[in-house]
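Here is a short tour of salt bridges and a chain contact. Have the sequence and the model open as you read.

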Protein chains: 2
Amino acid sequence: MTALSIDAERLIGRIRELGEIGRDGDGRLTRLAGSDADKAGRDRFVAWLRQAGLAVAIDRVGNIFGIWASTDNADKKPILIGSHIDTVIDAGIFDGCYGVLSGLAVIEALQAAGFIPARPIAVAAFTNEEGVRYAPDMLGSLVHAGGLSTEAALAISGTDGTQLGAELARIGYAGAQEPGFLKPHAYVELHIEQGPVLEREGLRIGAVENLQGISWQRVTIDGEANHAGTTPMSMRRDAGHAAARVITFLRDEARGSNSPTVATVGCMRFEPDAINVIPSRAGFTVDLRDPDEQRLTAAEAALSGYLDELAAAEQVTITVERLARFAPVAFDRTIVELIEDAARTHGLAARRMTSGAGHDAQMIARVAPSAMIFVPSIGGISHSPRERTNDADLIAGATVLLDVVARLAAAE
Amino acid sequence: MTALSIDAERLIGRIRELGEIGRDGDGRLTRLAGSDADKAGRDRFVAWLRQAGLAVAIDRVGNIFGIWASTDNADKKPILIGSHIDTVIDAGIFDGCYGVLSGLAVIEALQAAGFIPARPIAVAAFTNEEGVRYAPDMLGSLVHAGGLSTEAALAISGTDGTQLGAELARIGYAGAQEPGFLKPHAYVELHIEQGPVLEREGLRIGAVENLQGISWQRVTIDGEANHAGTTPMSMRRDAGHAAARVITFLRDEARGSNSPTVATVGCMRFEPDAINVIPSRAGFTVDLRDPDEQRLTAAEAALSGYLDELAAAEQVTITVERLARFAPVAFDRTIVELIEDAARTHGLAARRMTSGAGHDAQMIARVAPSAMIFVPSIGGISHSPRERTNDADLIAGATVLLDVVARLAAAE
């Protein structure tokens with residue numbers, strides 16, 4: 001066996017080539033799950049899988065698998081490398097695609113080196129990770145892990161009124177395999193960080209040891225609309241002001257502690273939304289995240305307690321609707337250590353870290369030992385055409401993935 | 001001359017009758033300036049003016065005047081009573097209409113009592129006071145006072161793309177008189193308070209001695225959109241959070257002082273307005289009011305200073321656009337004292353007060369001694385179908401108006 005190495009030029013070239021598929025007249029990249037653009041991206045990916053001599057399997061929710069197996073190892077559970085190739089609207093070219101194409105590049109590198117794996121190695125592109133067209137996000141991996149039935153998934157209606165099942169059939173990706181047919185021995189996902197931590201600390205590799213728990217709530221505050229000129233400050237029941245207090249409370253709580261809890265109010269609406277009327281209603285969302293379930297629960301409780309105080313103090317009515325709740329995910333310690341080892345071997349400065357975003361890995365972690373590798377995102381930017389990672393970092397990440405997969409696939 | 005008294009039944013009946021004109025299929029009352037509903041309301045009012053034997057004059061911006069003059073007093077400047085009969089969308093029946101119809105009731109009461117005025121007495125309904133369809137509000141009285149040219153007013157485009165001049169012509173209320181043709185000796189406007197003060201204090205009459213200055217600004221805060229999960233709290237440039245700080249600053253400033261300054265943030269928009277994205281932009285309005293010009297200027301300066309601090313502390317960019325600025329208006333002391341006297345005579349508990357809302361009186365105050373009379377608004381509510389004033393308070397207010405006008409019209 002010769003030395004293992006990623007074909008850097010081919011990997012970067014494919015990332016760019018896939019990144020040109022699904023651009024509109026203004027040059028905006030959008031490949032929503034089940035769309036014509038998604039079909040074009042899938043077709044290109046499947047062609048590359050076939051070029052590499054992999055067996056292509058597509059399951060009923062459209063998850064694509066390229067499998068490298070031999071008669072000697074076909075009875076073993078495979079090492080699975082995965083991510084997604086669907087995108088948000090006006091996307092960058094790295095989110096998801098980088099991990100999928102690196103998975104293929106890893107298999108090709110192993111093949112080129114004459115590596116003989118003890119287990120099959122497969123690369124997966126999971127359907128509808130972004131969740132822009134169909135909710136929930138991470139749908140394909142969720143179904144693969146048994147968290148949602150295939151029938152329920154196929155029946156989901158999209159934001160445009162389409163049905164996922166019908167759209168997959170239309171674009172030729174309603175496959176024959178039963179979701180979950182491929183049971184991995186281990187799962188590794190390589191992804192851009194989508195945050196600023198690695199760049200800020202001058203590091204090349206993140207060994208992702210866990211994934212934050214997420215709590216999404218919608219808060220509605222009802223006060224009383226009144227004339228902005230004639231209502232003394234002391235007599236107001238101002239829903240907008242109460243909403244502002246919640247935002248400053250969340251920030252002050254976060255600043256006043258050493259915990260990694262993050263709190264975001266991303267959506268906000270005032271009613272009646274008139275310059276000279278005291279808001280009768282303010283509706284907003286609260287996104288709380290923490291890698292520790294106990295701390296996340298404590299943050300939710302602190303908010304809830306504050307809302308009770310606020311309702312009394314400001315004479316407003318506050319209702320809370322839970323939109324989503326995911327417990328934190330702890331990744332597999334052995335794989336995380338393999339990632340750290342691999343980074344060290346290649347002289348790449350690394351740290352353990354937490355994923356703030358959701359990823360397919362959190363779903364597959366339900367059914368197999370899993371972990372993730374992060375590379376730096378310039379400026380922490382993602383979900384934007386300004387999403388960037390240096391070529392050298394892209395290759396460094398794929399090289400770490402290659403080493404980790406080789407180690408995992410060498411052992412029985 | 002017999003004793004002066006308002007025909008209560010007729011006044012209340014007309015307020016209700018006018019309040020039925022312009023209702024939609026759902027029973028919502030809307031008479032926007034220049035609309036078919038406005039025409040129907042104007043036609044009814046003009047019919048009542050003619051029934052009372054008044055000379056009807058309509059000026060080029062559609063202001064309607066009912067004039068009671070005799071050959072003995074026609075050379076004198078008239079006492080003018082006025083307000084408006086246009087409404088907001090889904091309005092109550094009292095705002096404006098109460099003052100106009102009470103003005104007519106006062107003239108009828110004087111006529112019925114055989115009162116011989118030393119000057120003409122006129123009642124006016126000014127065009128587009130509410131400003132819902134055409135900006136600015138208080139348009140008809142502004143033009144009457146010479147604050148806006150007739151040509152400019154007629155050329156104003158509405159929210160629905162119509163032109164005020166064309167709409168007035170279409171409904172038959174583009175009159176022949178030159179705006180400002182009627183130069184009042186004094187102006188009195190009777191209006192519902194639209195605030196909670198009189199009701200809270202158990203008073204029947206407000207002798208309005210001044211009208212708050214108004215400062216309207218639009219504030220735009222630009223930060224940086226980032227992932228809600230992956231961006232540590234310490235690295236955020238959160239425009240929504242900065243906007244919330246401005247709201248709490250304004251409230252804390254108002255609470256920490258004894259000044260009557262009121263501050264309202266009525267409109268708010270976050271961008272991109274997504275649950276899992278830190279807002280890159282927050283745009284909101286600030287409505288500041290104070291009856292004292294110095295204090296209003298100080299409140300504006302305090303806000304401006306805070307915005308500078310905030311921009312530095314939160315690393316955001318803040319731009320401010322001035323939308324409107326009116327200096328406070330002081331009403332005529334002699335007329336205010338006449339109102340207090342009249343209330344006292346009738347055993348009506350009264351206080352001097354400040355108008356928090358804008359009214360036609362503030363425009364006419366530019367060209368004639370002016371003042372206003374307020375009656376209680378139940379719950380302080382206006383611009384709403386829930387706008388209410390007790391019949392007894394409506395008649396009390398009209399009675400005070402009658403006394404004041406009789407005193408003003410008796411003297412040379």
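What is the relative accessible area of D341(B)? D341(B) has a relative accessible area of 28% and is partly exposed (buried is under 20%, exposed over 50%, partly exposed in between, with a 1.4 Å probe and protein chains only).

## Ground rules

This is a predicted model, where local features need pLDDT of at least 70, side-chain atom pairs count only at pLDDT 80 or more, and totals for chains, interfaces and linings use all residues. Residues are numbered from 1 along each chain as its sequence is written, chains are lettered from A and ligands numbered from 1 in the order in which they are written, and side-chain values use heavy atoms, leaving out hydrogens and water.

## Salt bridges within chain B

D341(B) pairs with R407(B) in a salt bridge, with the closest N and O atoms 3.9 Å apart (a side-chain nitrogen of Lys or Arg within 4 Å of a carboxyl oxygen of Asp or Glu). R407(B) is partly exposed at 48% relative accessibility.

E20(B) and R23(B) form another salt bridge, at 3.5 Å from N to O. Here E20(B) is exposed at 53%, while R23(B) is partly exposed at 32%.

## Where the chains meet

The contact (heavy atoms within 4.5 Å) draws 56 residues from chain A and 58 residues from chain B. Ten salt bridges run between chain A and chain B. One of the salt bridges links R251(B) to E314(A), at 3.8 Å from N to O, and both residues are buried.
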